[in-house]
Amino acid sequence: MGNFNTGMTEGKLTRYNASAGSGKTFRLTGAFLETLFCGRGNFREVLAVTFTNRAAAEMKERILNSLSLISSGEQSDYLSHLASKCGKKEELIRREAREHL
């Protein structure tokens, strides 16, 4: 996934610093989904700062698409990771995704 500097955590602030094309949007989408499914905080308190409105729209679209794929039983790049990271069965994550949509 490219060079990602994710070791900058200060309190509840995590900064991701990476070059273009390194997978930042993928990682930020995954981090948001982890917060949503692992219960490590209120997803309504997540603030993602991007340089452009287009990047923000892309991240929102990826989150909604991922929730849709997970909830409908389709293949998702995030499902197995979320199940492992959150200690939940995939079916429970799918059910929760339906509730979040």
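The pLDDT is the predictor's confidence in each residue, from 0 to 100. The mean pLDDT of this predicted protein is 84, and 86% of its residues reach 70 or more. Over residues 1-10 the pLDDT is below 50, although this stretch has 25 contacts in the model beyond near neighbours in sequence (contact: heavy atoms within 4.5 Å). For this predicted model, local features need pLDDT of at least 70 and side-chain atom pairs count only at pLDDT 80 or more, whereas totals for chains, interfaces and linings use all residues. Residues are numbered from 1 along each chain as its sequence is written, and side-chain values use heavy atoms, with hydrogens and water left out.

Helices (DSSP runs of H or I, at least four residues) are numbered from the N terminus. Helix α3 (residues 79-86) and helix α4 (residues 90-100) have axes that come within 9 Å and cross at roughly 105°; axes are lines fitted to C-alpha atoms over the stretch in contact, with angles from 0 to 180 degrees between N-to-C directions. That makes α3 roughly perpendicular to α4 (65 to 115 degrees). L79, S80, L82 and A83 of α3 meet E90, I93 and R94 of α4. By class, this contact of α3 with α4 has four nonpolar, one polar and two charged residues (nonpolar: Ala, Val, Leu, Ile, Met, Phe, Trp, Tyr, Cys and Pro; charged: Asp, Glu, Lys and Arg; polar: the others, Gly among them).

The lining of the second largest pocket divides into seven nonpolar residues, one polar and one charged. A pocket is an open set of points on a 1 Å grid, over the protein atoms alone, where a 1.4 Å probe fits, with protein on both sides within 12 Å along at least five of seven lines; lining residues have an atom within 4 Å of a point. The largest share of this lining, four residues, comes from α2.

Note on methods
Helix = DSSP H or I, 4+ residues; strand = E, 2+ residues; numbered from the N terminus. Parallel < 35°, antiparallel > 145°, perpendicular 65-115°, else oblique.
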